[in-house]
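Dear colleague,

The findings are set out after it.

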Amino acid sequence: MADLETYYRDLMEGKRSGLGDKALLGLLRLSSRPYAAILRLRALGYRLGLIPSHRLPRPVISVGNLVLGGTGKTPTVAWLAAHLMNKGKRVCVLSRGYGGSAEGEIRIVCDGEKLLLTPGEAGDEPCQLAGMLPGLMVVIGSNRYRAGLHALEKLDPDVFILDDGYQHLKLERDLNLLLLDATTPFDNGLTLPGGFLREAPAAAGRADLVICTRSPEAKERTAPVAGKPTCWTKHRLSGMIPLGGGPAAGFEAAQGPRVMAFSGIANPGAFFDGLEAVGVRPVTTLSFPDHVSYGEPELAAILRLKTASRSTVLLTTQKDAVKLLPHADQLSGCFAVVLEVEFEDSRPLEAALARLR
């Protein structure tokens, strides 16, 4: 599976140039047209009420994207949740629970006081969010409307954040936030299977507000969706937390020793580039597929490369770290790097939040 995912990404990014590769790429791009048409019909069906959608009796804020993975949904959800909780709101995140053994079931991951499921059960991102913000409630379920009803009965939140919800049209939302990577907002403009888009660029019209992540300097940018309020943000690596627990450290602790960086996220290059930007230059890096489950093969690969590179410091993402906790004793010198979203001007988003019913 990992090899297939790597091949597909290489093919999309032009790293495969054989005759067979080019023929396959052409077929995949042709297949994008009917796929995009089906998605447009689906969205139209929801808009016209031909396909039923449901509304929860509390405000729902959806955070999602058009491109597969890697736009910074998790730190944005964390920023939103922290902002609302600072206003005294009881916040519940509704997540699919992708990659966990309980995926598809309606389960409470965190009740605001304690973590009730492991990353293996709930998936990495729900557990990561629960660990980042004390008091945040997290519920998983493939049907987010029914998950919301369960949360209302058991937890009584004031507001819901629908994580990765742009395409989950079964649940109506009061505020629809679309995240786009400012450097490549619509990738190559093609949907799956000929590109990385989940829907055609025209689907951006459903957004109430666009959040551009990894934003360039102001003089070098143009709003990707005309007529939509837009916030510009950057991702900032703010420090490191020991995997086994302990006080946070600054990046100077990783600027002298030999460092190995590894991750299992959708855009590992962004993580490695971010380390370079804060003055950390790994001697070697290792990438696993997105949402990887860290078992014995992955752990062995990490330890082999650590030994071969003579690294004494290991750096990974918070998303990976929640799944590596059972192996903390074996991964000496391992730190989770903290990623935060930094708004250039959050007032358009704060104004939209203030208007929620």
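The notes that follow concern a sheet and the packing of helices.

The model is predicted, so local features need pLDDT of at least 70 and side-chain atom pairs count only at pLDDT 80 or more, while totals for chains, interfaces and linings use all residues. Residues are numbered from 1 along each chain as its sequence is written, and side-chain values use heavy atoms, with hydrogens and water left out.

An open sheet of mixed pairing is formed by 12 strands, in the order 3-4-2-5-1-6-7-8-12-11-9-10. Strands (E, at least two residues) and helices (H or I, at least four) are DSSP runs, numbered from the N terminus; two strands pair if DSSP finds at least two bridges between them. Strand 3 (107-111) and strand 10 (284-287) are at the edges with a single partner strand each, so one side of each has no neighbour in the sheet.

Within the sheet, strand 7 (residues 209-213) pairs with strand 8 (residues 230-242) in the parallel sense, over three bridges. Cys-212 stands opposite Trp-232 in strand 8.

Helix 3 (residues 73-86) packs against helix 10 (residues 347-354) at an angle of about 55 degrees, with the axes 12 Å apart. Axes are lines fitted to C-alpha atoms, for helices over the stretch in contact, and angles run from 0 to 180 degrees between N-to-C directions. The two helices are therefore oblique to each other (under 35 degrees is roughly parallel, over 145 roughly antiparallel, 65 to 115 roughly perpendicular, and the rest oblique). Trp-79, Leu-80 and His-83 of helix 3 make the contact with Leu-349, Glu-350 and Leu-353 of helix 10, contact meaning heavy atoms within 4.5 Å.

Yours sincerely
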